[in-house]
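This report is for a reader new to the structure shown below. It takes the chains one at a time and then turns to where they meet.

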Amino acid sequence: METFLHQVVAGLASGGIYASVALALVMIHQATHLLNFAQGEMAMFSTYIAWALINAGVPYWAAFCLTIAFAFALGLAVQHFIMRNIRSTSVLPFVIVFIGLIVICNSVAGWIFTYTIKEFPSPFPKEPLFGQRFLSSHELGAISVTLVVLIMLWAFFRFTSLGLAMRAAAQNPGSSRLVGIRVAWMLALGWGLAASVGAIAGMMVAPIVYLDPNMMSGILLYAFAAALIGGVDSPGGAVVGGFLVGVLENVLGAYVVGNELKLLVALVLIIGVLLVKPSGLFGSVQVTRV
Amino acid sequence: MAAPLLDVVNLHAGYGLTRVLHGISFGLAEGSITTLLGANGAGKTTTLRALCAMVKPHGEIRFGGERIDSRATEDIVRLGIAHVPEGRGTFVHLSTEENLRLGAYVRKDKAAVEQDFDRIYGYFPRLAERRHQQAGTLSGGEQQMLAVSRALMLRPRLLLLDEPSFGLAPLIVRELFSILRTINERERVSILLVEQNAAMALDLADQAYLIETGRVVLSGSADDVKRNDAVRASYLGY
Amino acid sequence: MSAIAPSVGAISARPTSERAWLLIGLAVLLLAAFALPFVLSSYRTFQFTLVLVYAIALLGLNILTGYNGQISLGHGAFYAIGAYAAAILMDRYGYPYWATVPIAGVLCLVVGFLFGLPALRLEGHYLALATFALGITMPQLLKNKHVEHWTGGVQGIVIIKPDAPFGLKLTPDQWLYLFTLAVTVVMFVVGWNLLRGRVGRALVAIRDHPIAASAMGIDTAMYKSLAFGVSAMYTGIAGSLGAIAVQFVAPDSFAVGLSIGLLTGIVIGGLASIPGAFFGALFIQFIPNVADQISKAAPWAIYGIFLIGFMFLMPMGINGAIRLGWARFRHRKSAAQREGG
């Protein structure tokens, strides 16, 4: 029973990471109806930047903030210089560009930082907090950071005028122009925010899985599964989905499929949700007019 | 006579290869209600869209003396032109109040914006009742009122209305139009009204222009146009 | 209008003199291809064998993604199935190499078709996502304990390169090249007939105007599932040939990079183009060799830059650029003739 509880709780810790990346995916999907396949690699690259800063002597939380700023700029640049200039009715050119981004991020990271696995520091103490045995301090810290970020984002979108404008631009760009919202800027901001959230997830997961260019590819799959389960248009759904997937992965990995096949869980979830209920738990069914 | 608030000269516009407007010219005096009439496809909606740069305008458009025909929609809004589009353009997933707040997005006077909420709810008490409701769940008439209110939250100098009566019961339309008349008189908001419902539009407006296949074919005061035989036969049904 | 227009029907529209030249050119190319293994070194011949293998795989992927618009980011999986089928049949059951190729083809045809059925319900980037997930998990699936007995687990399977038959005076590399060339010619002739005719037009119609196509009576579901099956068959055949050429299969050879490489190949060569398969194959075979000398990461960086760059500059790939250039040349020539005459 204790090990089961441990699996569940550890699943919540990784679930927080999946929830963050899933949220970033949902944010971009809401604004552009695109699935950003490159979300994971962008987060990985940002995490490398954090590592480089820390290695150069920058204190952890300063490096954390600088990395967030870097990721924001990266997301903004990708949207402004690349995504914005692709005009197509079919998704294929966008998918191709996303794959291109994945490959560039991965190879540039490998080139600059080499492919050897690196340790990434955790800002949290080594001993488990409160003397309990279920969660390491880092896992607890990661969950907390995730929750803080999610709450801040929620408050931003709910209570600020800029957040409202971004929501409006994502839902209805035509009407947004008519009230004076600069839709292109809102899109760029959205990409920047999504990239920042991804970077935070990367920095929280790197101490656990160690930093290497392929660190995020599995996590991306889990995040997609989470976003699909929650409903790819529902930010709240992404969060719920993330924690759900984290727990499922750990529990199924421990008791059903074994650790090497854990990724299979993500594959089955993705295909299962897409076939059975593509709108997810909280999403709305899309009706296309002919 | 004072220069018109809105002066349109030889406006051409279209969608891709299809030209819809073939040289429209008209003017709108400050403080007046002017209506553009015409049948389906005549080019009335395209005219409003061209004014807001939602389609690319070719020709001269002057607002308050300044040329606006090469500006972006977002900048035209900041000059004080509010457009209530065909189909209302409601933000259906946001609440009534959020829709209204977006109308005031470009305004810098925060305190006055809060006061305007009260003013708008005064004109449209039904919106006050539904202020936290999701806008997509409002009835057709309420959504139209919301669309007009959102435009008014800008405190515009010029209000563009595209077929506000569409799909609404006559009673609701009458209510809406009387509120529009009040707003025009009390707050000096100039109104450019595009309508298929010629009878109601001519009752509300001061000036009228008749558009057929992208050209102005008749213009004058609303009373004169109402009495015109051709108009009576084709558009007023008597 | 789609920016990625197919080359369906273009050749029959050209004047007979041009057609004659094209056929002569094709014959010359075939002769050169045939002579190649006798002129080049063993290693180069091996490399060109792989070019042919990739060309078949790329034509397969193009049938599905280029012509029919179903995005597959996991086609490496079919390549892997074909490769492992050949390896297992040869190593565990002693099948002759030439028999494994059609068996791999039929196997992948069936598997692909079965895949195509649920794929009918997935549109655009959802299908891309599902196939992407498949591509990423493939190595794990191959390493899995339960199938280790067949797949040889992490170490994979080693197979022996076949000798030339009937005592012909050819080295194994030369023979394998010619064998692969023969299969390539067959696959391309079949593909040409398929894609230039009614089937090709139906696939494109389904890609561009699915609702209109089905309203016109095209059985969209059947065509789409078949496209998946045929596409998988081509790629599976390529996989089996590739395994025989490389003499080795192991799970990590079939990671998501393979699927990405195939996608890059059809983008570079030209979506919905048949000759493009060769341009793409040359690219994905030789660029890594050249770029590897700069750094381990360089090939992928180049792939990425080309992928994005081509979307902006050459959305129709090399083949499309050539055809565009040729069309402009002909236009200018005929305009000059009209003015002069």
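## Chain C

Chain C holds 14 helices and two strands; helices (H or I, at least four residues) and strands (E, at least two) are DSSP runs, numbered from the N terminus. The model is predicted: local features need pLDDT of at least 70, side-chain atom pairs count only at pLDDT 80 or more, and totals for chains, interfaces and linings use all residues. Residues are numbered from 1 along each chain as its sequence is written, while chains are lettered from A and ligands numbered from 1 in the order in which they are written.

A compact globule of 341 residues would have a radius of gyration near 20 Å, and the 21 Å of chain C agrees with this. The radius of gyration is taken over C-alpha atoms, and the globule rule is 2.2 Å times the number of residues to the power 0.38. The C-alpha trace of chain C spans about 70 × 50 × 40 Å along its principal axes. Of the 341 residues in chain C, 51% are buried. A residue is buried if 20 or more other C-beta atoms lie within 10 Å of its own, exposed if 12 or fewer, and partly exposed in between, with C-beta atoms placed from the backbone. Among contacts in chain C between residues at least 6 apart in sequence, 79% join residues at least 24 apart; two residues are in contact if their C-beta atoms, placed from the backbone, lie within 7 Å.

## Helix α2 of chain C

Helix α2 of chain C covers residues 42-67, and its 26 residues should span 38 Å at 1.5 Å a residue; the end C-alpha atoms are 36 Å apart, which agrees. The expected span of a helix is 1.5 Å times one less than its number of residues. A kink of about 35° in α2(C) is centred on Leu61(C), where the bend at a residue is the angle between axes fitted to the seven residues ending there and the seven starting there.

How is α2(C) placed relative to the rest of the structure? It is largely enclosed, because 22 of its 26 residues are buried. Just after α2(C), Gly69(C) has a positive phi of about 70°.

## Chain A

Chain A has 11 helices and zero strands. Its 290 residues would give a compact globule a radius of gyration near 19 Å, and chain A has 19 Å, in agreement. Its C-alpha atoms fill a box of roughly 55 × 45 × 35 Å, taken along the principal axes.

Buried residues account for 56% of the 290 residues in chain A. Among contacts in chain A between residues at least 6 apart in sequence, 74% join residues at least 24 apart.

## Chain B and its domains

Chain B contains 10 helices and 10 strands. With 238 residues, a compact globule would have a radius of gyration near 18 Å; the value for chain B is 17 Å, which agrees. Buried residues make up 47% of the 238 residues in chain B.

Chain B is divided into domain 1 (1-80 + 158-238) and domain 2 (92-155), with bounds that come from an automatic or database domain assignment. The centres of the two domains of chain B, taken over C-alpha atoms, are 23 Å apart. In chain B, 10 residues of domain 1 are in contact with nine residues of domain 2. On the domain 1 side, α2 (73-78) and α7 (170-187) of chain B are the elements that give two or more residues. α7(B) gives the most to that side, with four residues. By class, the domain 1 side has eight nonpolar, one polar and one charged residues. Here Ala, Val, Leu, Ile, Met, Phe, Trp, Tyr, Cys and Pro count as nonpolar, Asp, Glu, Lys and Arg as charged, and the others, Gly among them, as polar.

## Where the chains meet

Two pairs of chains are in contact, and chains A and C share the most contacts. Chain B and chain C do not touch; their nearest C-alpha atoms are 13 Å apart.

The contact between chains A and C takes 40 residues from chain C and 39 residues from chain A. α5 (124-143), α11 (256-269) and α13 (298-313) of chain C are the elements that give two or more residues to the side of chain C that touches chain A. The largest share of that side, 14 residues, comes from α5(C). Its residues divide into 28 nonpolar, nine polar and three charged.
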